[in-house]
Amino acid sequence: MVTDYIATEVGDKIIAKLVDPYLKVEKVLGWNIKAGFSNEFTVGKLTFTNGSDTVTGIGTNLDLNNGDIVLAGGYEFVVDNTPDAETLVLQTPSNVDLNNVTFYVKTNQWNYFSYEYRWSQNNKPDAGELTQWHPLTSGTLVGELLSINFDPNLPLWLEIRATVEDIQPLHELSLLSITYTIQYEDGTIEECPQTCIDCEPFELDGCANIIVECDAANLYQPYALQKPTHLYKSLSNLANTIVGHNITYYRVEPNVRSKDVILKEYSLYDVIEKESIKVMVPDNEFPTEQNTFDIFGMGFEDFEIHIVGEEFRKHFGENKSPRSRDYLYFPFNNRMYEVNSVALADEFNRELTYFKVMLKKYENRTSTNKEGFEEDLTDLVKGVEEVFGEEIKEEFDKVTKPLQYQTTHHRAQDGVRKFVHKDLTLNDINLKNRWTVITRNYYDLSTVLSDEFQAPAVVYEAMSTLKANENRAFTFWFNPTKTFDLAKDTYYDIIDGTNILDKGLIIQISSMNIKVIINQQEYIFDHSTIFSHTTWYGMVVNVSNTYGEVSTFMYKLDDQANYTDPTGQNELELAHSGHLESLSPHTWETDVNWSLRGSEFNLTNIRMFDKTIEDEQHENVLHQYVVRDSQHAIIIDNAIPSLQIQKVGTNK
């Protein structure tokens, strides 16, 4: 029951109202509620001396534990020990003088309130119509107290409701003071301690501006089950504390990197937490020690345990529950078990206080990593499409490869190319690196150099854009169509994604250098290679916003080795590598499409990816005629001539 500001039972509610409202308030920036409990060890009065860590008592029966926090005179003191019933030793000396003051012990996990708030800016003295009760938190999300902007022209009424969530027998919980940190209309920020009018022992600096009332929920209501429910939970927790068995519980989570979105399962699991908790065994009946033997080896009997929800969440956090594959060790009988299934108990008023967990013999699975740690999984009640939608699409694109297997009867407009120059020549070639086919066609870009309008050779469907959190990688094979004059270092545009303001990216190659121009910023790499018109070269260009890097790599196809040793390893010779880092992220958004320009090169296998390519994967990607990880590809162009079929109407 509730008497003034004191509550004694689980479910008791106390409402703290303001006698006078706050005026000219814009925001509440913070709050602090002082609440404590009393028992047989908090009787009498205490005297604190400034600079001393020894506190003396009159009529006291002190028996407090190390770490307990004592509330007295509006201050908090941390207990070190209690040598006798009338002496208290603090961890740090007191910085105030207090004579014969009443004291309390600060609320803890066994004796505490939960808090809610409501408010009004009505002009009526009784605060008029108020909002609904909302949980009192320290967050600033929408609907929380610290997020509300008040009208400074109206009075502000605030009410706090304290509900006893847990209390030990023969204890009393007291709501003592509320301090708000308030920002006024003129920008002044001030702490406003509000003491309880009836809290005479709690001598705070501030004003006695709180009326403490008993909530109507404390009245006799024969159909209200809140108090019995709280009592049931309290008894469950008490029983678990007294008769529960200490075990070591290992909580297992699936490894999110091992998702198989086709089979809808995980192949790897990680043990992410280990805690010592208490569990109960129904009727305290453990299974027999008898072992069983079958074709799978030795086993022992399955059995059921109960895990109180509050006990589990206290160690592993809110919204956590036991799950299949978790395992636990019983020191009582030196056995390890694994969670086979979990069910919610059908109990009083459907309170779902504890979990019914069925255990089976523990299996040492190689798929469970006992030393790893992975982030918690998202809520599994979400649908498959919502959870795995992106992965399913990636898997679908990876298998079906729509950028490579799309049919069309146009010269362009094949899903990759939007435009192909009418004079551009596409030639056949059987380019191999020993037994691996690299390509069967290529563009002769020199055939469009004479275009007086300088139209692009190929225009792709993909638009030239890049965001700050995105990366790009470009790969292509090229072959000079002539012998370059080293005295004339002419740059030829290869892949172009710039607009008329030169915003975007363009890759250029000359006889001496490779140039990557991003938003007019030039990055020049000396490739130091004398080009041969009989040799094909593979190029990889990485642009990483994640790490602020631009890098270029050029590989050479060794024709002589292909001829003399056709069965050897299909390795490529690294002719050049260049790397620049510590760059600012590059971003652009244009209204132009990526394109190829006329040059003195043959070009094939043009790809653009949304992620950079690691060094060890360069040769794999350059050798792919059919791109394996096509879900990351933006452009895949093997220079294949589109099949042009004449459409013939059907005679009727």
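Trainee: Where is T8 found?
Mentor: T8 is in the loop between β2 (6-7) and β3 (13-18). Strands here are DSSP runs of E with at least two residues, helices are runs of H or I with at least four residues, and both are numbered from the N terminus. Keep in mind that this is a predicted model: local features need pLDDT of at least 70, side-chain atom pairs count only at pLDDT 80 or more, and totals for chains, interfaces and linings use all residues. Residues are numbered from 1 along each chain as its sequence is written, and side-chain values use heavy atoms, with hydrogens and water left out.

Trainee: How does T8 count in terms of accessibility?
Mentor: T8 counts as partly exposed, because its relative accessibility is 29%. The cut-offs are under 20% relative accessible area for buried, over 50% for exposed, and partly exposed in between, with a 1.4 Å probe and protein chains only.

Trainee: And which residues is T8 in contact with, leaving aside neighbours within four places in sequence?
Mentor: Those are M1, I167, H171 and E172. Contact means heavy atoms within 4.5 Å.

Trainee: OK, jumping to V540. Buried or exposed?
Mentor: V540 is buried, because its relative accessibility is 0%. V540 sits in strand β38 (residues 537-544).

Trainee: What is V540 in contact with, beyond four places in sequence?
Mentor: The list includes F474, T475, I613, H618 and L622. V540 also contacts S551, T552 and F553. With F553, which is 13 residues away along the chain, the C-alpha separation is 5.1 Å.

Trainee: How many bridges join β5 to β6?
Mentor: There are 3 bridges between β5 (residues 45-48) and β6, and the two run antiparallel. Two strands pair if DSSP finds at least two bridges between them. L46 has G57 in β6 as its bridge partner. The two strands make a hairpin with 5 residues between them, and G51 in the turn has a positive phi of about 90 degrees.

Trainee: What about β6 and β9?
Mentor: β6 pairs with β9 (residues 87-90) over 3 bridges, again in the antiparallel sense. There, T54 stands opposite V89.

Trainee: Which residues other than glycine have a positive phi?
Mentor: Among them are Q520, with phi near 70 degrees, and A639, with phi near 60 degrees. Most residues other than glycine have a negative phi. Q520 is in the loop between β36 (513-518) and β37 (521-526), while A639 is in the segment after β43 (633-637).

Trainee: Are those two buried or exposed?
Mentor: Q520 is exposed, because its relative accessible area is 54%. A639 is buried, because its relative accessibility is 0%.

Trainee: Switching to cores. How many residues has the largest nonpolar core?
Mentor: That core has 49 residues, and those with the most contacts inside it are Y22, F48, L88, F113, Y115 and I160. Strand β15 (residues 172-184) gives the most to this core, with 6 residues. Another core, of 42 residues, lies apart from it and has A462, Y523, V543 and L603 among its members. A nonpolar core is a set of buried Ala, Val, Leu, Ile, Met, Phe, Trp, Tyr and Cys residues joined through side-chain atoms within 4.5 Å.

Trainee: Last one: what does the pLDDT come to?
Mentor: The protein chain averages 83, and 83% of the residues score at least 70. pLDDT is the predictor's confidence in each residue, from 0 to 100. The value stays under 50 over residues 216-220, where the model has 7 contacts beyond four places in sequence. Residues 644-648 are also below 50, and that stretch has 4 contacts beyond near neighbours in sequence.
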